[in-house]
Amino acid sequence: MSASAPPSIAIGIGAILLLHVIVLTSTKAPLGQSLGSQILQSISVLLAFILAGRAALLSRGFARTFWTFSSAGFALLLVAQILRHFEHTEGFGASDYLFLLHMAPFGLVLLLNERSRPVKATRWPRLLDYIQILIVAVVLFVAFIYIPSKGATPSYVHSLYATFAGVLITRNISVTAGFWFRSLIANSDRERDAFRAMAIYLLLYTAGSALTHYVFLHANPPLVWIELEGSVPF
């Protein structure tokens with residue numbers, strides 16, 4: 001599993017960041033309303049999804065599973081971003097559930113190690129456990145976030161968002177801490193490098209996400225520059 005990448009990829013990443021800075025410099029749209037910024041954020045996640053998938057295809061064993069799950073996490077986030085753009089409902093929507101769910105594949109990565117046996121057959125008991133967890137998450141989200149947000153006053157929706165943001169931040173911190181811990185107890189250099197690399201990304205993502213939630217909840221008007229959080233970590 002190599003960390004190297006063709007120079008064209010580095011140039012592409014630099015071009016995306018430069019375009020994002022230019023868009024945010026010139027936009028007059030409020031936070032989250034700039035179409036150009038949204039597109040560049042989605043392209044950044046798409047690039048992370050493609051490169052993680054590429055790493056999976058070029059790897060074997062532990063590394064292939066590691067990057068496959070990581071790519072799946074980026075894919076869920078990409079779908080959530082695209083879905084949010086087309087949602088025109090009051091309060092919370094399906095995209096918010098996908099934002100909550102997209103960290104699940106990264107959580108599964110924490111269960112991997114070099115000694116993990118390749119999955120040759122479907123492990124139905126474990127699969128059913130995962131489905132039950134997803135069902136419980138759906139029920140909790142619908143009951144405590146989605147339904148209460150429909151027809152609610154703006155102040156109540158704001159309080160729901162603060163609660164939801166707290167859940168997301170707690171989730172991000174927990175998963176990030178898990179990757180740093182796994183990098184410390186790794187069984188090999190390759191395993192240590194993989195968990196440490198993802199831990200660095202998650203640290204950037206977690207810090208940027210927490211700052212974004214804080215700005216959205218407390219800044220008036222919120223600064224659009226915080227939207228770089230949607231491209232820089234990826």
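Predicted model: local features only at pLDDT ≥ 70, side-chain atom pairs only at ≥ 80, totals over all residues.
Colleague: Okay, how many salt bridges does a search of the whole structure find?

Modeller: Three, taking a salt bridge as a side-chain nitrogen of Lys or Arg within 4 Å of a carboxyl oxygen of Asp or Glu. Aspartate 96 pairs with arginine 84 at 2.5 Å, N to O. That one links distant parts of the chain: aspartate 96 is in helix 4 and arginine 84 in helix 3, 12 residues apart. Helices here are DSSP runs (H or I, at least four residues), numbered from the N terminus.

Colleague: Is aspartate 96 buried or exposed?

Modeller: Buried, because its relative accessibility is 9%. Arginine 84 has 41%, so it counts as partly exposed.

Colleague: And what does arginine 182 meet in a salt bridge?

Modeller: Glutamate 191, with N and O 2.9 Å apart. Arginine 182 is buried at 10%, and glutamate 191 is buried too, at 0%.

Colleague: Which residue forms a salt bridge with arginine 192?

Modeller: Aspartate 189, the closest N and O atoms being 2.7 Å apart. They're three residues apart in helix 8, so about one helical turn separates them. Aspartate 189 is exposed at 56%, whereas arginine 192 is partly exposed at 24%.

Colleague: Switching topic: how many residues are in the largest nonpolar core?

Modeller: 39. A nonpolar core is a set of buried Ala, Val, Leu, Ile, Met, Phe, Trp, Tyr and Cys residues joined through side-chain atoms within 4.5 Å. Those with the most contacts inside this core include Phe66, Phe74, Phe179 and Met198.

Colleague: Which helix gives the largest share of this core?

Modeller: Helix 8, with eight residues.

Colleague: What is phenylalanine 74 in contact with?

Modeller: Leaving aside neighbours within four places in sequence, phenylalanine 74 is in contact (heavy atoms within 4.5 Å) with Val45, Ala48, Phe49, Ala52, Phe106, Tyr201 and Phe234.

Colleague: What covers the buried residues of helix 2?

Modeller: Helix 1 (7-26) and helix 3 are among the elements covering them. The buried residues of helix 2 include Ser37, Leu40, Val45, Ala48 and Ala52.

Colleague: Where is threonine 176?

Modeller: In helix 7. Threonine 176 counts as buried because its relative accessibility is 5%. Beyond its neighbours within four places in sequence, threonine 176 is in contact with Ala199, Leu202, Leu203 and Thr206.

Key. Residues numbered from 1 in each chain as written. Heavy atoms only, no water. Buried < 20%, exposed > 50% of the residue type's maximum accessible area, 1.4 Å probe, protein only. Helix = DSSP H or I, 4+ residues; strand = E, 2+ residues; numbered from the N terminus.
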